[in-house]
Amino acid sequence: MTPPATPHPPETRGPAPPGPWLFDGPAAPRPARGALPAAVLFDRDGTLVVDVPYNGDPARVAPMPSAREAVAAVRAAGIPVGVVSNQSGVARGLLTRRQVEAVRERVEELLGPFAVWAVCPHGPGDGCGCRKPAPGLVLAACARLGVRPADAAVVGDIGADVAAARAAGARGVLVPTPVTRPEEVAAAGTTAPDLLAAVRLLLSAPHATCADGPARPDTVVPLGRAAGAS
């Protein structure tokens, strides 16, 4: 079990300003045209890296199975990649911005640079518009990349990720883990057994958003244990 995080001194806490934190990466490639997504946004914890609750220690960052291959495949297709992440540990006094940045830097050491990071530092009761399942992180990341949310895709491991995509008008793909609730899987519409399968789906199937209605059966990847998955 993960040991409880130690709150930081009061001077490092304080209320977070409204809106998400945005971290820019290197210049993004020209957004893809046609059937491919114009951008692919990944959730961080439980999707790109193993979920360590309120993690502020770069040494504890470990990629999820197939994360390197999945992100590399999107980049190879000329599509900008970004991260959209709730980090309520900031609002709870368990994380500082510096720690969030340190973990971000470690993720990029392991998986390569992302064109944009959109991070919500607020808690569930703060009433912000960026904490997933609200659409703010997706909208902010798309605005920074210069793409329409309707042309973007979001990949995550829980229902809030897919709901945020839907609320923003983007396409959502759920990659369930043992902590994903059955009702979240049932409501997702499009699921994939692992991250690489999710990316292959996005790169091979015509791009569709929630505005297009429920996913067609031929765009849903059946759930199952992927090779090499833990």
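Where is the place of Ser66? Ser66 sits in the loop between E2 and H1, and its legend is given under Figure 4.

These legends describe a predicted model, in which local features need pLDDT of at least 70, side-chain atom pairs count only at pLDDT 80 or more, and totals for chains, interfaces and linings use all residues. Residues are numbered from 1 along each chain as its sequence is written, and side-chain values use heavy atoms, with hydrogens and water left out.

**Figure 1. The protein as a whole has 6 helices and 6 strands.** Helices (H or I, at least four residues) and strands (E, at least two) are DSSP runs, numbered from the N terminus. Along the sequence their order is β-β-α-β-α-β-α-β-α-β-α-α. The protein has 230 residues, and 49% of them count as buried. Buried means under 20% relative accessible area, exposed means over 50%, and partly exposed lies in between, for a 1.4 Å probe and protein chains only. Among contacts (heavy atoms within 4.5 Å) with a separation of 6 or more, 73% join residues 24 or more positions apart.

**Figure 2. Helix H1 covers residues 67–76.** Its buried residues are Ala67, Ala70, Val71 and Val74. Seen down the axis of H1, these residues fall within an arc of 90°, so they line one face of the helix. The arc is that of the directions from the helix axis to the C-beta atoms. The cover over the buried residues of H1 includes strands E2 (39–42) and E3 (81–86), together with helices H2 (97–111) and H6 (195–204). Just after H1 comes Gly78, with a positive phi of about 80°.

**Figure 3. Helix H3, residues 136–145, is mostly covered.** Of its 10 residues, 7 are buried. They are Gly136, Leu137, Val138, Ala140, Ala141, Cys142 and Leu145. These buried residues pack against strands E1 (21–24), E2, E3, E4 (116–120) and E5 (152–156), and also against H4. Gly146 follows H3 and has a positive phi, near 75°. In the loop between E4 and H3 lies Pro133. A cis peptide bond joins Lys132 to Pro133, with omega about 25°.

Figure 4. Thr47 is buried, with a relative accessible area of 5%. Leaving out residues up to four places away in sequence, Thr47 touches Met64, Val155, Gly156, Asp157 and Leu195. A polar atom of the Thr47 side chain lies 3.2 Å from the backbone nitrogen of Asp157. Tyr54 is partly exposed, with a relative accessible area of 36%. Although Tyr54 is not a glycine, its phi is positive, about 55°. Ser66, another residue other than glycine, has a positive phi near 70°.

**Figure 5. Leu95 lies in the loop between E3 and H2.** Leu95 is buried, and its relative accessible area is 2%. Asp57 is 38 residues from Leu95 along the chain, and the C-alpha atoms of the two are separated by 9.8 Å.

**Figure 6. The second largest pocket has a volume of about 420 Å³.** It is lined by 17 residues, and the closest to its centre are Asp45, Asp51, Asn86, Arg131 and Ile158. The elements that give two or more residues to this lining are E3 and helix H4 (159–168). The lining divides into 6 nonpolar, 4 polar and 7 charged residues. Here Ala, Val, Leu, Ile, Met, Phe, Trp, Tyr, Cys and Pro count as nonpolar, Asp, Glu, Lys and Arg as charged, and the others, Gly among them, as polar. On a 1 Å grid over the protein atoms alone, a pocket is an open set of points with protein on both sides within 12 Å along at least five of seven lines, while a cavity is a set where a 1.4 Å probe fits but cannot get out; lining residues have an atom within 4 Å of a point. Grid points are joined across faces, edges and corners, and a volume is the space filled by probe spheres set on the points.

**Figure 7. The count comes to 1 cavity of 30 Å³ or more.** The largest cavity holds about 30 Å³ of space. Its lining consists of Arg44, Asp45, Val49, Val50, Asn55, Arg60, Val61 and Val103. These divide into 4 nonpolar, 1 polar and 3 charged residues.

Methods: A polar contact is a pair of N or O atoms within 3.5 Å; within protein, one must be able to donate a hydrogen and the other to accept it, and residues adjacent in sequence count only if both atoms are side-chain atoms.
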